[in-house]
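Please look over the fold shown here.

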Amino acid sequence: ADDSDCLQNNPLDFSEGSTWAQFHRDQILLDEINKDLERLFPIGCDDLFVSNMSYREKICNVLFVWCKDHPKTSYRQGMHELAAPILYI
């Protein structure tokens, strides 16, 4: 195996342009979104979001993509509460 390939594809490389650094930043963002989604209980439709994980996954995906498209704003606590009723409708 080529040693230079190991240096370029190193999961412990957190330098600015590293693919792995981006992966780790994305994981932190997903963890933050999911932490809020665990507390999602909209009035009147709470059973839907608690019992059906696919709705929570959809909200997470929508918020993640939005954050990637709007990096200056990124994710803010409470965005999940805005997205949930829109998905419900």
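What percentage of the 89 residues in the chain is made up of buried residues? Buried residues make up 26%, where buried means under 20% relative accessible area, exposed over 50% and partly exposed in between, with a 1.4 Å probe and protein chains only.

This is a predicted model: local features need pLDDT of at least 70, side-chain atom pairs count only at pLDDT 80 or more, and totals for chains, interfaces and linings use all residues. Residues are numbered from 1 along each chain as its sequence is written, and side-chain values use heavy atoms, with hydrogens and water left out.

**Overall layout**

The chain has 5 helices and 0 strands. Its pattern along the sequence is α-α-α-α-α. Helices (H or I, at least four residues) and strands (E, at least two) are DSSP runs, numbered from the N terminus. Contact means heavy atoms within 4.5 Å. Of the contacts in the chain with a separation of 6 or more, 52% are between residues 24 or more positions apart.

**The core**

A nonpolar core is a set of buried Ala, Val, Leu, Ile, Met, Phe, Trp, Tyr and Cys residues joined through side-chain atoms within 4.5 Å. The largest one here has 14 residues. L29, I33, L37, I59, L63 and Y75 have the most contacts inside it. The largest share, 5 residues, comes from α4. In soluble globular proteins, nonpolar side chains tend to be buried together.

L37 touches R56, I59, C60 and H80, leaving aside residues up to four places away in sequence. Y75 sits in the loop between α4 and α5. Y75 is buried, at 2% relative accessible area. Y75 and L30 are 45 residues apart in sequence, yet 9.6 Å apart in space, C-alpha to C-alpha.

**Helix packing**

Axes are lines fitted to C-alpha atoms, for helices over the stretch in contact, and angles run from 0 to 180 degrees between N-to-C directions.

| Helix pair | Angle | Axis separation |
|---|---|---|
| α4 and α5 | about 120° | 10 Å |
| α2 and α4 | about 135° | 10 Å |

Angles under 35 degrees count as roughly parallel, over 145 as roughly antiparallel, 65 to 115 as roughly perpendicular and the rest as oblique. That makes α4 oblique to α5. α2 is oblique to α4.

A crossing is left-handed if the near helix is turned anticlockwise from the far one by less than a right angle, and right-handed if clockwise. α4 passes α5 in a right-handed crossing. The crossing of α2 and α4 is right-handed too.

Between α4 and α5, residues Y55, K58, I59, L63 and W66 meet M79, H80, A83, A84 and L87. Between α2 and α4, the α2 residues in contact include L29, I33 and L37, and the α4 residues include I59, C60 and L63.

**The salt bridge**

A salt bridge is a side-chain nitrogen of Lys or Arg within 4 Å of a carboxyl oxygen of Asp or Glu. The count comes to 1. The pair is K68 and D26, at 2.7 Å, N to O. K68 lies in helix α4 and D26 in helix α2, so the pair ties together parts 42 residues apart in sequence. K68 is partly exposed, at 36% relative accessible area, while D26 counts as buried at 16%.
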